[in-house]
Amino acid sequence: MRVFKMKKGNIVPFLRSLEEFGEVWGPVKKGDNYVYAHEDPEKFDLSALRTLIPAKKFFLPQKSTILKFKNGNWYTHSDCKKRVIFGLHPCDIHALNIYDEFYTRVYEDPYYKSNKEATLIIGLSCLPDEHCFCNLTDTSTVEKGFDLFFTELEDKFLVWVGSPRGDDILAKRSDMVEDITKEDIKDYIEWRKRRENMFKVDLSFTGLPEIVSASYDSDIWDKMGSACLSCGTCTMVCPTCTCFDVEDEYDIRADEMNRNRKWYSCMFREYSLVAGGHNFREARAERLRLWYTHKLVGFMSEYGDPACVGCGRCVVSCPVGINVLSIVRALTGEKNDAFWAKTEVKQI
Ligand code: SF4
Ligand code: SF4
């Protein structure tokens, strides 16, 4: 993998120049959160950590029309646009690599694939806060899944080239980058050491699939179920959650129809409701167990890695403190501050 360096002052002109490829999106502050926005790159906040909604929204939009019915015929429909997404952190890129596995390996999703191909992915390094645990999920650095990756050091960026497309982009802007020196490598190693020491979450993920599988009948799920609000926030913010629903929107006067795909959540009661009124996962405890066994066990056996990249979004978003960390602590008997861990309430 080739590596260059870029002066800090070149980042904004560089990103502006990428508008010739497509809309340039990056992280900006909105209220208390960060979101991806199509703004002038001057407004991008390079210190942004996790965005509220992850980058999956560019590849599997929250709602999109996939088919249209008009004049008695169905037509495929796509809102695919050429875009540049700047500011994805290593965990975000790992999550997109999981999406690639899910949406292209066995059954290729043409909408996902065209959105992915139309998007330039430009990663950016980050410094963890107290909720990040990508060091424990082995996703704190990334080797594939990006076109370019910027590591921000004190006085410069190091720029990793991750694809032939990324190589072409830098070749066209060779006046903006320089070759790296031994001093740059030394600075990078120092930065890595400093970053590694910043992770605060202390938890063992070793043997997790076995522990989760063996805990199938644990009353921990009932305790969590009695606290869970079934709001679905955890699944919406999780960068590796893939579920969607398909519904038809019929305009009876025009005799036209849109077939829409929209994000859905296995935390919703209707998720496992089938014709005839039977619900396979009526209880919230059952739905929580499904989510965590799928993420931490099912994905492991199917793809070799868990579907958690340690981004901390569920940790900061769940209103009742149910998240990967509190669940692992509960299942492994470690100290757990979540209020539901201390209750004895049974969820039906
Ligand atoms: S389970 Fe939580 S920490 Fe893991 S990837 Fe999903 S939102 Fe991030
Ligand atoms: S675990 Fe938390 S975020 Fe997820 S559905 Fe339950 S209450 Fe909502």
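A nonpolar core is a set of buried Ala, Val, Leu, Ile, Met, Phe, Trp, Tyr and Cys residues joined through C-beta atoms within 7 Å. A residue counts as buried if 20 or more other C-beta atoms lie within 10 Å of its own, as exposed if 12 or fewer do, and as partly exposed in between, with C-beta atoms placed from the backbone. The structure is a predicted model, in which local features need pLDDT of at least 70 and side-chain atom pairs count only at pLDDT 80 or more, while totals for chains, interfaces and linings use all residues. Residues are numbered from 1 along each chain as its sequence is written, and chains are lettered from A and ligands numbered from 1 in the order in which they are written.

**Domains and their contact**

- The protein chain is divided into domain 1 (3-60 + 80-196) and domain 2 (208-246 + 265-342); such bounds come from an automatic or database domain assignment.
- Taken over C-alpha atoms, the centres of domain 1 and domain 2 are separated by 29 Å.
- Contact between the two involves 22 residues of domain 1 and 17 residues of domain 2, where contact means C-beta atoms, placed from the backbone, within 7 Å.
- On the side of domain 1 that touches domain 2, helix 3 (residues 90-105) gives the most, with 8 residues; helices (H or I, at least four residues) and strands (E, at least two) are DSSP runs numbered from the N terminus.
- That side of domain 1 divides into 14 nonpolar, 4 polar and 4 charged residues.
- In this count Ala, Val, Leu, Ile, Met, Phe, Trp, Tyr, Cys and Pro are nonpolar, Asp, Glu, Lys and Arg are charged, and the others, Gly among them, are polar.

**Nonpolar core**

- The largest nonpolar core has 75 residues, and those with the most contacts inside it are Ile85, Phe86, Ile122, Leu148, Met224 and Leu288.
- Helix 3 supplies the largest share of this core, 7 residues.
- The core lies between domain 1 and domain 2, because both give residues to it.
- Beyond its neighbours within four places in sequence, Leu148 is in contact with Ile122, Val159, Trp160, Val161, Gly162, Gly166 and Ile169.

**Strand pairing**

- Strand 2 (residues 23-30) pairs with strand 6 (residues 83-88) in the parallel sense over 3 bridges; two strands pair if DSSP finds at least two bridges between them.
- Glu23 has Arg83 as its bridge partner in strand 6.
- Strand 2 is also joined to strand 3 (residues 33-37) by 5 bridges, and these two run antiparallel.
- Val35 in strand 3 is the bridge partner of Val28.
- The hairpin of strand 2 and strand 3 has 2 residues between the strands, and Gly31 in the turn has a positive phi of about 60°.
- Strand 4 (residues 63-70) pairs with strand 5 (residues 73-76) in the antiparallel sense over 4 bridges.
- In strand 5, Thr76 stands opposite Leu67, and Trp74 stands opposite Phe69.
- The hairpin of strand 4 and strand 5 has 2 residues between the strands, and Asn71 takes a positive phi near 50°.
- Strand 4 also pairs with strand 12 (residues 256-263), antiparallel, over 6 bridges.

**Ligand surroundings**

- Around ligand 1 there are 14 residues, of which Cys238, Cys308, Cys311, Arg313 and Cys314 come nearest; a residue is near a molecule if its C-beta atom, placed from the backbone, lies within 6 Å of it.
- The shell around ligand 1 has 8 nonpolar, 4 polar and 2 charged residues.
- Ligand 2 is surrounded by residues including Cys228, Cys231, Cys234, Met267 and Cys318.
- The shell around ligand 2 has 9 nonpolar, 3 polar and no charged residues.

**Two single residues**

- Phe133 lies in the loop between strand 7 (119-124) and strand 8 (148-152).
- Phe133 is buried, because 26 other C-beta atoms lie within 10 Å.
- Leaving aside neighbours within four places in sequence, Phe133 is in contact with Phe199, Val201, Leu203, Gly310, Gly312 and Leu325.
- Phe133 and Leu325 are 192 residues apart along the chain, with 9.1 Å between their C-alpha atoms.
- Lys182 is in helix 6 (residues 182-196).
- Lys182 is exposed, because 7 other C-beta atoms lie within 10 Å.
- Lys182 and Gly232 are 50 residues apart along the chain, with 49 Å between their C-alpha atoms.
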